[in-house]
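Colleague: I have a few questions about this model. Can we go through them one by one?

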Amino acid sequence: MKLKLFLFVLLSAFSLNILAQEINCQVSVSARQVEGSEKEVFRTLQTSIYEFMNNRKWSPYSFKVEERIECTILINITERISTDEFKATLNLVLRRPVFKSNYNSVMFNYIDRDFQFSYSEFEPLEFNETTFTSNLTSTLAFYTYIFLGLDFDSFQKFGGTPFYEKAQSIVNAAQNAAETGWKAYESTKNRYWLLENLTNSSYAPLREFLYKYHRQGLDLMFDNIETGRANVSESLKLIEQANKERPGLFLTQLILDTKRDEIINIFSGANAMEKPEVVNLLKEIDPANSSKYQKITTN
């Protein structure tokens with residue numbers, strides 16, 4: 001009987017190792033700009049954030065270890081306002097593996113410069129998506145749901161909707177928060193507007209782009225590079241469609257800033273007839289970087 005119980009516990013533990021949490025997040029906290037401060041609190045903070053991101057269950061889905069969503073969070077402390085109050089920038093990167101390759105495509109690369117939070121050493125990081133308890137955990141959870149939404153959107157058209165709804169609950173709960181970054185009137189490029197752009201039906205082509213570009217484009221390029229590249233080309237027309245609806249949209253620029261170099265690399269190997277149409281489209285939706293897209297035609 002004891003042997004059976006032991007085997008059951010062992011198998012249960014083994015199963016938990018196979019079905020991992022959704023997020024595989026590398027976390028770094030830098031305080032080089034803060035002179036003369038006790039540094040141990042920042043090491044503790046880094047460990048706490050790592051555990052908060054990687055040990056928490058964020059969705060009802062089971063992920064294998066190799067399926068976990070790869071992301072990076074770099075918190076750069078710029079000012080220590082008081083013993084437990086800090087100003088920082090938050091550098092966020094989301095990567096997605098490309099089918100049948102060792103290549104990871106960056107889906108999200110953004111620096112949130114409007115980040116102030118409180119933290120006392122060894123303080124547990126508590127979070128409730130419907131109640132604003134901490135700007136630190138609310139911000140981390142918000143971007144985690146954005147990561148999940150973007151990733152799911154890239155595998156299934158509009159697959160990320162449930163996660164954007166979770167992010168919306170966080171934004172709603174933060175409307176009376178003293179910290180900035182959550183409200184429409186504070187900026188045109190903050191957490192509020194990032195989510196608004198992702199959930200506004202007028203800009204739905206940008207979410208369609210995520211699916212067509214990654215699932216029907218990059219994921220096909222190993223087996224058929226021409227078909228995959230043609231689908232990437234078609235996906236760019238969805239950005240063009242959203243850009244006509246609202247030129248200079250925050251999310252459009254964020255996508256282009258993230259994908260620009262990758263797109264240039266993809267079409268540098270295209271045939272001579274294919275290049276001009278793509279270059280002209282890119283110059284139209286991203287005129288400030290026209291010279292960069294011109295490189296496509298010279299390669």
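Colleague: Which residues are linked in a network of salt bridges?

Modeller: Keep in mind that this is a predicted model. The structure holds 16 salt bridges. A network of them links three residues: Arg96, Arg215 and Asp219.

Colleague: Are helices H8 and H9 roughly parallel or roughly antiparallel to each other?

Modeller: H8 covers residues 250-268 and H9 covers residues 275-285. Their axes come within 11 Å and cross at roughly 165°. Angles over 145 degrees count as roughly antiparallel. Therefore H8 and H9 are roughly antiparallel.

Colleague: By class, how many nonpolar residues has the contact of H8 with H9?

Modeller: The crossing of H8 and H9 is left-handed. H8 brings Leu256, Ile263, Phe267 and Ser268 to the contact, and H9 brings Lys275, Val278, Leu282 and Ile285. By class, 1 is charged, 1 is polar, and the nonpolar residues number 6.

Colleague: Is Arg229 buried or exposed?

Modeller: Arg229 forms a salt bridge with Glu226, at 3.1 Å between the closest N and O atoms. Both lie in helix H7, 3 residues apart. Glu226 is partly exposed, at 42% relative accessible area. Arg229 has 3% relative accessibility, so Arg229 counts as buried.

Conventions. Residues are numbered from 1 along each chain as its sequence is written. This is a predicted model: local features need pLDDT of at least 70, side-chain atom pairs count only at pLDDT 80 or more; totals for chains, interfaces and linings use all residues. Side-chain values use heavy atoms; hydrogens and water are left out. Axes are lines fitted to C-alpha atoms, for helices over the stretch in contact, and angles run from 0 to 180 degrees between N-to-C directions. Helices (H or I, at least four residues) and strands (E, at least two) are DSSP runs, numbered from the N terminus. Angles under 35 degrees count as roughly parallel, over 145 as roughly antiparallel, 65 to 115 as roughly perpendicular and the rest as oblique. A crossing is left-handed if the near helix is turned anticlockwise from the far one by less than a right angle, and right-handed if clockwise. Contact means heavy atoms within 4.5 Å. Ala, Val, Leu, Ile, Met, Phe, Trp, Tyr, Cys and Pro count as nonpolar, Asp, Glu, Lys and Arg as charged, and the others, Gly among them, as polar. A salt bridge is a side-chain nitrogen of Lys or Arg within 4 Å of a carboxyl oxygen of Asp or Glu. Buried means under 20% relative accessible area, exposed over 50%, partly exposed in between (1.4 Å probe, protein chains only).
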